[in-house]
Amino acid sequence: MPSLMPSQSAQAHLPLSRRLLFSGSRSVLFAVLLWLAAAAGEIAIPGTPVPITLQTFVVMVTALSLNWAEAGSAVALYLIAGAAGLPVFAGGTSTMALIGPSAGFLLGFLPGVIVTAWLKGRANTDGLRGYAMTAGRYLFASIIGCGVVVYAFGFLVQSAITGVPLGTVALASMTFVVGDVIKAVVASLAVSGLAKLF
């Protein structure tokens, strides 16, 4: 996957208005991708009211493709659209999803994407070793930000809303963990560029 971000030197030579327009358009694009991932469908998991969607994968790709401000803006736009009543969340829901059992996961996307984008570091495209190191950093960042941070918000809010003990919520959500680790691996390989070397 080619980088969606021009080099620092290329950005520095653009006028401020063009830089802001370019940055804003990327945030809007990824907000739309989040909506499309939710609209693509969901898989219900027994024992938990939170469905599986492609959203976490898109959140990871967003964080790994953009800087932290652009990634945070994309997720904020997505959440604002849902809060305003647009049917952008899983199952075509909107505002009610932000006060339901999946609210913590949705709200956790914002700090999760910022932490991931901040932790990922700079891409290294200096041969196979550089790509591999970048993919490893991206994987670590995705697991911490889009995994640990998002799950912490999700588990705490779901437990508080449903009254189910935190441990039970976490245990019922283990199906998500395996899928999200696979998504993190795929996103890291794709965005780092390592996948195109094989």
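This is a predicted model: local features need pLDDT of at least 70, side-chain atom pairs count only at pLDDT 80 or more; totals for chains, interfaces and linings use all residues.
Helix α3 runs over residues 55–65, and ten of its eleven residues are buried, so the rest of the structure largely encloses it. Which residues of α3 are the buried ones? They are Q55, T56, V58, V59, M60, V61, T62, A63, L64 and S65.

**The whole chain**

Now zoom out. The protein chain has eight helices and zero strands, so if you read along the sequence you get the pattern α-α-α-α-α-α-α-α. The chain has 198 residues, and 41% of them count as buried. Take the contacts between residues at least 6 apart in sequence: 69% of these join residues at least 24 apart.

**Two helices side by side**

Here is some handy background: a pair of packed helices is described by the angle between their axes and the distance between those axes. How do α4 and α5 cross, and at what angle? Helix α4 covers residues 68–83 and helix α5 covers residues 103–119; their axes come within 8 Å and cross at roughly 170°. Angles over 145 degrees count as roughly antiparallel, and α4 and α5 are therefore roughly antiparallel to each other.

Who makes the contact? On the α4 side you'll find W68, A71, G72, V75, A76, Y78 and L79. On the α5 side there are L106, L107, F109, L110, V113, I114, A117 and W118. Sorted by class, this contact has 14 nonpolar residues, one polar residue and no charged residues.

Leaving out residues up to four places away in sequence, G72 touches L110, V113 and I114.

| Pair | Apart along the chain | C-alpha separation |
|---|---|---|
| V32 and V88 | 56 residues | 8.9 Å |
| G72 and A117 | 45 residues | 8.8 Å |
| I161 and P101 | 60 residues | 6.2 Å |

V32 sits in helix α2. Is V32 buried or partly exposed? With a relative accessible area of 39%, V32 is partly exposed. I161, found in helix α6, is partly exposed too, with a relative accessible area of 41%. Setting aside neighbours within four places in sequence, I161 is in contact with I99, G100 and P101.

An unreviewed UniProt entry carries the annotation "transmembrane region" for residues 75–92, 98–118, 138–157 and 169–195. What does the chain look like over two of these stretches? Over residues 75–92 the chain is 50% helix and 0% strand, with the end C-alpha atoms 17 Å apart. Over residues 138–157 the chain is 100% helix and 0% strand, and there the end C-alpha atoms are 27 Å apart.

Notes:
Residues are numbered from 1 along each chain as its sequence is written. Side-chain values use heavy atoms; hydrogens and water are left out. Helices (H or I, at least four residues) and strands (E, at least two) are DSSP runs, numbered from the N terminus. Buried means under 20% relative accessible area, exposed over 50%, partly exposed in between (1.4 Å probe, protein chains only). Contact means heavy atoms within 4.5 Å. Axes are lines fitted to C-alpha atoms, for helices over the stretch in contact, and angles run from 0 to 180 degrees between N-to-C directions. Angles under 35 degrees count as roughly parallel, over 145 as roughly antiparallel, 65 to 115 as roughly perpendicular and the rest as oblique. Ala, Val, Leu, Ile, Met, Phe, Trp, Tyr, Cys and Pro count as nonpolar, Asp, Glu, Lys and Arg as charged, and the others, Gly among them, as polar. UniProt positions are given in the numbering used here, feature names are shortened, and annotations may be inferred rather than shown by experiment.
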